Amino acid sequence: MGLRFSIVTPSYQQADFLEKTIQSVLTQSYGAAEYFVMDGGSSDGSREIIASHAAELSGWVSAKDRGQADAINQGFARATGDIFGWINSDDFYLAGAFERVNAVFE
């Protein structure tokens with residue numbers, strides 16, 4: 001395995017999209033990754049979605065923050081990987097994304 005990825009998802013009131021985003025990170029076949037979901041204290045069911053994946057996440061928070069940049073920075077402060085990235089809670093990675101990025105860096 002090559003480089004280790006640290007991925008952060010900032011989220012607020014995105015329950016309609018969040019499951020697909022989380023799955024797109026967790027189902028990457030590239031095993032060297034840590035994943036943090038930073039929710040701004042949503043009241044739309046996002047917390048429950050995140051909690052259902054708690055065992056697969058490197059960490060998560062659901063608490064008021066100062067917006068998207070703050071949430072990303074809070075996630076990056078926990079990160080220990082070689083490559084940091086974030087994916088918004090209404091986006092998703094295609095299969096093989098981490099392998100492709102790793103190949104470029106190597």
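I looked up Val101 and found it partly exposed, with a relative accessible area of 33% (buried is under 20%, exposed over 50%, partly exposed in between, with a 1.4 Å probe and protein chains only). The model is predicted, so I note that local features need pLDDT of at least 70 and side-chain atom pairs pLDDT 80 or more, while totals for chains, interfaces and linings use all residues. Residues are numbered from 1 along each chain as its sequence is written, and side-chain values use heavy atoms, with hydrogens and water left out.

I placed Val101 in helix 4 (helices are DSSP runs of H or I of at least four residues, strands runs of E of at least two, numbered from the N terminus).

I then checked which residues of helix 4 (residues 97-105) are buried, and they are Ala97, Phe98 and Asn102. They sit on the same side of helix 4, because their arc around the axis is only 130° (taken from the directions from the helix axis to the C-beta atoms). I traced their packing to strand 1 (5-11), helix 1 and strand 2 (33-39) (contact means heavy atoms within 4.5 Å). On the face turned away from the buried side I listed the exposed residues Arg100, Ala103 and Val104.

I moved to helix 1 (residues 15-26), where Thr21 lies. Thr21 is buried, with a relative accessible area of 0%. I listed its contacts, leaving out residues up to four places away in sequence: Thr9, Tyr35, Ile87, Asn88, Ser89, Asp90 and Asp91. I also noted a polar atom of the Thr21 side chain 2.6 Å from the backbone oxygen of Asp91.

Terms used: Polar contact = N/O pair within 3.5 Å; in protein donor to acceptor, adjacent residues only side chain to side chain.
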